Amino acid sequence: AAHAKSARHEQEEAVGRSEQLESESERRAKVFNNAVKQAVQRFQGQLESERDELAARCGRLARDLDAAARAAAEAAEREATAAEALRAAEDAAHIAAVQAEETETLAASKARALEDSQRVKLAAAQWSAKESADRADRAEAET
């Protein structure tokens, strides 16, 4: 009887320790998940902010490009000689080329930012799926 009582006591202690370990594991998982979510949100916020800045810059460059084209057209009309008109056209072409290069660079940066955002979303979805699978595994192990 004493042996059975001792075995029951040991079993109860083991169950208690197991519950404590499971509780601590869940707490740690929550802390880790929250940290991951915060990091993902911070990174996504940075990417969205960079995307917005790039979009605004693209808009300014487009307006500058339009303004430069109008200025070049007006300058060509005002010029009295063919040499002055040619110089104005060359200046406008140079500005347009520089702005086109900047626009292409910005577009590539925006594309990279969008790809990074998609990778972050995919990683978050994969993490969520892993969490669900882990919960299902724990639930199955408990039954």
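Trainee: Where is Ala-7 placed?
Mentor: Ala-7 sits in helix H1. Keep in mind that this is a predicted model.

Trainee: Why is Ala-7 called partly exposed?
Mentor: Ala-7 has a relative accessible area of 39%. Buried means under 20%, and exposed means over 50%. The value for Ala-7 is 39%, so Ala-7 is partly exposed.

Trainee: What separates the C-alpha atoms of Ala-7 and Lys-30?
Mentor: A distance of 34 Å separates them, and the two residues are 23 residues apart along the chain.

Trainee: How many of the residues are buried?
Mentor: Buried residues make up 12% of the 143 in the chain.

Trainee: Ser-117 lies in helix H2. Why is Ser-117 called buried?
Mentor: The relative accessible area of Ser-117 is 12%. The cut-off for buried is under 20%, so Ser-117 is buried.

Trainee: Which residues does Ser-117 touch?
Mentor: Leaving out residues up to four places away in sequence, Ser-117 touches Gln-44 and Leu-47.

Trainee: What makes Glu-131 count as buried?
Mentor: Glu-131 has 16% relative accessibility. Buried is under 20%, so Glu-131 counts as buried. Its place is in helix H2, residues 82-142.

Trainee: How do you know that the side chains of Glu-131 and Asn-33 make a polar contact?
Mentor: The contact joining these side chains is 2.4 Å. A polar contact needs a pair of N or O atoms within 3.5 Å, one able to donate a hydrogen and the other to accept it. The Glu-131 and Asn-33 pair is therefore listed as a polar contact.

Trainee: Which residues line the largest pocket?
Mentor: Glu-131 and Asn-33 are among them, as are Ser-25, Trp-127 and Arg-138. The pocket's volume is about 230 Å³.

Trainee: Which helices supply the lining of the largest pocket?
Mentor: Helix H1 (2-78) and H2 each supply at least two residues. H2 gives the most, with six residues.

Trainee: How does the lining of the largest pocket divide into nonpolar, polar and charged residues?
Mentor: Two residues are nonpolar, two are polar and seven are charged.

Technical notes: Residues are numbered from 1 along each chain as its sequence is written. This is a predicted model: local features need pLDDT of at least 70, side-chain atom pairs count only at pLDDT 80 or more; totals for chains, interfaces and linings use all residues. Side-chain values use heavy atoms; hydrogens and water are left out. Helices (H or I, at least four residues) and strands (E, at least two) are DSSP runs, numbered from the N terminus. Buried means under 20% relative accessible area, exposed over 50%, partly exposed in between (1.4 Å probe, protein chains only). On a 1 Å grid over the protein atoms alone, a cavity is a set of points where a 1.4 Å probe fits but cannot get out, and a pocket is an open set with protein on both sides within 12 Å along at least five of seven lines; lining residues have an atom within 4 Å of a point. Grid points are joined across faces, edges and corners, and a volume is the space filled by probe spheres set on the points. Ala, Val, Leu, Ile, Met, Phe, Trp, Tyr, Cys and Pro count as nonpolar, Asp, Glu, Lys and Arg as charged, and the others, Gly among them, as polar. Contact means heavy atoms within 4.5 Å.
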